[in-house]
Amino acid sequence: MPALHLMALVSLVSTVFARQWAAHPPQQQHRHWAQICSGNPTNKIRGCDRYGCGHFGAGRNNGKGKHVGVDVICADGATVYAPFSGQLSGPIRFFHNGNAIDDGVQIKGSDYCVKLVCIHPIRYQGQIQRGQQLGRMLPMQKVFPGIISHIHVENCDRSDPTHLLTPVVPPFPHQDTRWATLCSGNPTNEIRGCDKYGCGYYGAPRRNGKGKHTGVDVICADGATVYAPFTGELSGPIKFFHNGNAIDDGVQIRGTGLCVKLLCIHPIRYNGRIFKGQILGKMLPMQRVFPGITSHIHVENCDRSDPTRDLERGKGQRV
């Protein structure tokens, strides 16, 4: 290929790439919202029932109007999570009649603004993080018996949110062994270094050199939100210290080919199914027990093998 033609081709490719970069900068690419309702990890949208259909643009008011949101399936009473990080504002009264589901909240983030309706939020104001517990689903069956219970999800500009509602979920979850971020504020699962109480890496000396650390200490500030590293079944409680101190709590997660104990945390619950990246609980006040230590979650594989590789492989993969 003549040099001039090659230079022209390179210039054309660069121009196209630059335009795509401007239209879809890196922070906007492949961005999907987190799971909104417990029990619906893929944010499945309501189909059609005798009350209507849940997709964007579905007929409303006997065909005189259109649905300006999307209905995400959610069982009455289920836990609701924030789809992205942002600022809360509300309440939002969708029906304006005070019925059992006339409640909701708005979340405004750096890139998105959405209204979640037919839920009761924990609070109406303040900052919330992606995946953090937002509230609970209200009793829709009391108002519309036989309907497919759902959260009404409406972008503030009334654009279609459907493409944002599909999380990146692998077709065979057991094939994705990357762990998610465990602690808010530590997206890379950074491991505790050394302090006056010891070191956090796997195999570090314990009991004055007579033992070895059979887990890994993932840095986590006291009170921080803790997330599930992978999908699995919960079991607990786990008492590591057996003395009832302020951090003597934890839980086990057993997934396909994976089993881990997360200690020095207080889980929301000790049993049941949990999904990767879903809020698991909160970090306990380690500073009360070990003043000056680098606060951390003790992460221990059930077979006491080294979890370091899984923690590093999953850096930043919270959902």
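Colleague: How many bridges join strand 5 (residues 70–73) to strand 13?

Modeller: This is a predicted model, in which local features need pLDDT of at least 70 and side-chain atom pairs count only at pLDDT 80 or more, while totals for chains, interfaces and linings use all residues. Residues are numbered from 1 along each chain as its sequence is written, and side-chain values use heavy atoms, with hydrogens and water left out. Strands (E, at least two residues) and helices (H or I, at least four) are DSSP runs numbered from the N terminus, and two strands pair if DSSP finds at least two bridges between them. Strand 5 and strand 13 run antiparallel, and the number of bridges joining them is four.

Colleague: Which residue of strand 13 is the bridge partner of Val72, and which one stands opposite Leu116?

Modeller: Strand 9 (residues 113–117) is also joined to strand 13 by four bridges, and these two strands run antiparallel. In strand 13, the partner of Val72 is Ile151, and the residue opposite Leu116 is Val153.

Colleague: How many of the six residues of strand 13 are buried?

Modeller: In a regular strand the side chains alternate between the two faces of the sheet. In strand 13, His150, His152 and Glu154 lie on one side and Ile151, Val153 and Asn155 on the other, and both faces are covered. With buried meaning under 20% relative accessible area, exposed over 50% and partly exposed in between (1.4 Å probe, protein chains only), the number of buried residues in strand 13 (residues 150–155) is six.

Colleague: What is the relative accessible area of Phe241, and what is that of Phe290?

Modeller: These two residues form a tilted aromatic pair, 6.2 Å centre to centre with 45 degrees between the planes. Phe241 lies in the loop between strand 20 (232–235) and strand 21 (250–255), whereas Phe290 lies in the loop between helix 3 (286–289) and strand 26 (296–301). Both are partly exposed, Phe241 with 25% and Phe290 with 24%.

Colleague: Which residue in strand 21 is the bridge partner of Ser235?

Modeller: Strand 20 and strand 21 run antiparallel and are joined by three bridges. In strand 21, the partner of Ser235 is Gln252.

Notes:
Rings of Phe, Tyr and Trp (its six-membered ring) pair if their centres lie within 6.5 Å; planes under 30 degrees apart count as stacked, over 60 as edge-to-face and the rest as tilted.
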